[in-house]
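Please look at the sequence and the model before reading on.

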Amino acid sequence: MKKWSKELLPIALVLISCGFIIWISGFIFEGGYLPNRLNRDVQYYSATVLEVQDEDLGPDNYTGEFTVGVQEIRVKLDDGPYKGEEYTFKNHISRLYNTIVKKDTNIIVGTYLDDGEILDLTVSSYKRNHVLGLLSVIFCALVAWVGKFKGLKSLVSLLFTGVCVIFLMLPLMLGGMHPVLAAIIIVFLSTFVTLWLVAGLNKKSITAIIGTLSGVLIATLIAYIFSDLAHLSGGTMQDTEALLYVSETSKLQIKGLLLAGILIASLGAVMDVAMSISSSMFELASVSSKLTTRELIRSGMNVGTDMIGTMTNTLILALAGGSLSTVILIYSATISELQLVNLDVLGTELIQGIAGSIGIVITVPITVLIGAYMCIKKK
């Protein structure tokens, strides 16, 4: 009983911390809690299509890949203050807004209000929260089944990281804190809680924590230096124009988002490398007490160098996958090689990917040296 209490105590503390962070976000940071950011003139509700009264649809004249046109549909609202009410309106379908509906399709509609009365409706998207919820349940079940109690701890740490990003980092940024400082706070909290839950508070987890923080901070420093040399301030990122409108009604600082993104994006891969090396070294030290410091360092470096090849690819490919649309647009454009290499968007993506990979590489020797010191000291 005492063992279970000892195991469940960290999980309970983390869950309580999640609730506290959400409370702080709602009552201290202006605009930090979701209901405060809603546009009161436009509300979104779930609805069911009762009937498609008329439609004029056809293939797109340019690509033929999409169906475009207009539908006249009648829907019934399924929630909110207008639940049960029926409305008829036109669903305009284009290549960008391509939500084609039929009878009994579940959708999300945007309602435009004036003094509490609905003036107009539009189709926002398909209702897909039940599909996403099912996928999340499958993921959680698999992690808990395969990982057992440690899997449960990893899910709790994932929840904590998500809560910190949404309810702490974003409100801090919108409240005027420099994005890099806000991201560093999240990196410290997420690293400590995740490794504490997974490995406990011991020399192995401390080694991994120091290695993770060192790698992430060095990656950010490299990105800062080379983005400054390349005259990339972060104002040329994707969605910058939309973010500028956000900054007009908040205290968001656009120029720090590039480095903050590198901090958050590289954290997972760097933490994985640091924990794997630390765990391997402490396992070796526990199995063979005759290992010298030199042999332990050599073994740790062997593990680390095997991981470098795959983890750097993981980070680069993740960034490439997230920017695939931009990469296609750049590749298909008829521009010279000189202009291509010096594009702002390409330079930003390269600095993000390379700086994050440098963080992974530098994490290996730092973690190995700290781990060797901790293992010898333990002996």
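## Terms and model

Two strands count as paired if DSSP finds at least two bridges between them. Strands themselves are DSSP runs of E of at least two residues, numbered from the N terminus.

The model is predicted. Its chain has a mean pLDDT of 82, and 89% of the residues reach 70 or more. Over residues 31-38, however, the pLDDT is below 50. This stretch has 11 contacts in the model beyond near neighbours in sequence. Where pLDDT is low, the predicted coordinates should not be read in detail.

## The chain as a whole

The chain has 379 residues, of which 36% count as buried. Its secondary structure consists of 10 helices and 5 strands.

Among contacts with a separation of 6 or more, 68% are between residues 24 or more positions apart.

An open sheet is built from 5 strands in the order β3-β2-β1-β4-β5, and the pairing is antiparallel. At its edges lie β3 (86-93) and β5 (117-126), each of which pairs on one side only. Neighbouring strands of this sheet are turned against each other by 40° on average, direction ignored.

Within the sheet, β1 covers residues 42-59 and β2 covers residues 67-77. These two strands pair in the antiparallel sense over 11 bridges. V49 stands opposite V75 in β2. In general, strands of a sheet pair through backbone hydrogen bonds, either parallel or antiparallel.

Conventions:
Residues are numbered from 1 along each chain as its sequence is written. This is a predicted model: local features need pLDDT of at least 70, side-chain atom pairs count only at pLDDT 80 or more; totals for chains, interfaces and linings use all residues. Side-chain values use heavy atoms; hydrogens and water are left out. Helices (H or I, at least four residues) and strands (E, at least two) are DSSP runs, numbered from the N terminus. Axes are lines fitted to C-alpha atoms, for helices over the stretch in contact, and angles run from 0 to 180 degrees between N-to-C directions. Buried means under 20% relative accessible area, exposed over 50%, partly exposed in between (1.4 Å probe, protein chains only). Contact means heavy atoms within 4.5 Å. pLDDT is the predictor's confidence in each residue, from 0 to 100.
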